[in-house]
Amino acid sequence: DLFWVGILMAVCSFMGLPWYVAATVISIAHIDSLKMETETSAPGEQPQFLGVREQRVTGIIVFVLTGVSVFLAPILKYIPMPVLYGVFLYMGVASLNGIQFWDRCKLFLMPAKHQPDYVFLRHVPLRRIHLFTLVQIICLAVLWVLKSTVAAIIFPVMILALILVRRLLDFVFSQHDLAWIDNIIPEKEKKKEDDKKKKKK
């Protein structure tokens with residue numbers, strides 16, 4: 001998918017067309033459609049991951065329909081904008097589940113006794129988790145402000161600057177803490193590994 005995005009960005013650049021972007025919400029929805037999980041589970045129990053249903057149908061249909069929507073402009077103009085904003089808001093909120101950043105943001109408003117058994121809470125003190133989340137929120141706010149002003153032209157440079165911010169965090173947090181709160185391994189996988197280690201002990 002990323003290969004085709006790269007090819008199409010080059011083609012669009014030469015032809016003066018808008019760039020083809022791998023939209024986050026569409027990408028997460030596409031990834032969710034690929035995973036196979038058990039359909040029956042006890043109440044409160046997480047469904048088990050069975051494997052990947054490899055296919056390209058989802059992506060093709062989404063982008064074909066996006067292209068067709070250009071020709072449906074005379075009809076689509078009758079749809080009220082609040083309805084479209086509502087659809088986009090729902091898609092955005094629905095895709096937040098399972099994102100560690102969102103889970104950590106919710107911890108700000110959650111008493112300790114009601115906190116779920118997140119694996120990073122087992123290994124990193126809560127105040128350190130809050131500090132890391134606060135740094136991410138500030139970076140997000142700065143990017144949002146820049147994107148909304150005339151300085152939006154330097155937005156790609158600011159994205160690159162986040163790499164520098166991440167390197168500076170190495171001086172604030174230990175590698176142990178960063179391994180649990182800033183790792184690419186999914187939360188479920190880390191939790192399974194941690195549970196296995198505890199059972200062995």
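## Arginine 128 and its partner

Arginine 128 has a relative accessible area of 22% and so counts as partly exposed; that label covers values between buried, under 20%, and exposed, over 50%, with a 1.4 Å probe and protein chains only. Its side chain forms a salt bridge with aspartate 177, and the closest N and O atoms are 3.8 Å apart. The pair links distant parts of the chain, with arginine 128 in helix 8 and aspartate 177 in helix 10 (residues 175-181), 49 residues apart. A salt bridge here is a side-chain nitrogen of Lys or Arg within 4 Å of a carboxyl oxygen of Asp or Glu. Aspartate 177 is buried, at 8% relative accessibility.

Before going further, please keep in mind that this is a predicted model, where local features need pLDDT of at least 70 and side-chain atom pairs count only at pLDDT 80 or more, while totals for chains, interfaces and linings use all residues. Residues are numbered from 1 along each chain as its sequence is written, and side-chain values use heavy atoms, with hydrogens and water left out.

## The chain as a whole

The chain holds 11 helices and two strands. Helices (H or I, at least four residues) and strands (E, at least two) are DSSP runs, numbered from the N terminus.

Of the 201 residues in the chain, 17% are buried. The chain exposes about 15,400 Å², and carbon and sulfur atoms supply 72% of that area; accessible areas come from the Shrake-Rupley method with a 1.4 Å probe, and for residues only the protein chains shown count as cover. Contact means heavy atoms within 4.5 Å. Among contacts between residues at least 6 apart in sequence, 51% join residues at least 24 apart.

## A network of salt bridges

The whole structure contains five salt bridges. One of them joins the side chains of arginine 166 and aspartate 182, at 2.4 Å from N to O. Arginine 166 lies in helix 9 (residues 155-168) and aspartate 182 in the loop between helix 10 and helix 11, so the pair ties together parts that are 16 residues apart in sequence. Both partners are partly exposed: arginine 166 at 28% relative accessibility and aspartate 182 at 31%.

Arginine 167 and aspartate 170 also meet through their side chains in a salt bridge, at 3.2 Å from N to O. Salt bridges that share partners join Arg166, Arg167, Asp170 and Asp182 into one network. Within this group, arginine 167 is exposed, with a relative accessible area of 54%, whereas aspartate 170 is partly exposed at 21%.

## Two buried residues

Threonine 133 lies in helix 8 (residues 126-147). Its relative accessibility is 0%, so threonine 133 counts as buried. Once neighbours within four places in sequence are set aside, threonine 133 is in contact with Phe101, Arg104, Cys105 and Phe108.

Aspartate 103 sits in helix 6 (residues 100-107). Like other residues under the 20% cut-off, aspartate 103 is buried, with a relative accessible area of 10%. With neighbours within four places in sequence again left aside, aspartate 103 is in contact with Gly98 and Tyr118.

## A positive patch on the surface

Lys192, Lys196, Lys197, Lys199 and Lys200 gather on the surface in a patch of positive charge. Patches are made of residues with over 30% relative accessible area and no salt bridge, and like charges are joined within 9 Å. Lys and Arg count as positive and Asp and Glu as negative, while His and the chain ends are not counted. The place of a charge is taken as NZ of Lys, CZ of Arg, CG of Asp or CD of Glu.

One of these lysines, lysine 192, is found in helix 11 (residues 187-200). Lysine 192 is partly exposed, with a relative accessible area of 42%.

Terms used
Patches are made of residues with over 30% relative accessible area and no salt bridge: like charges are joined within 9 Å, nonpolar side chains (Val, Leu, Ile, Met, Phe, Trp, Tyr) within 5 Å.
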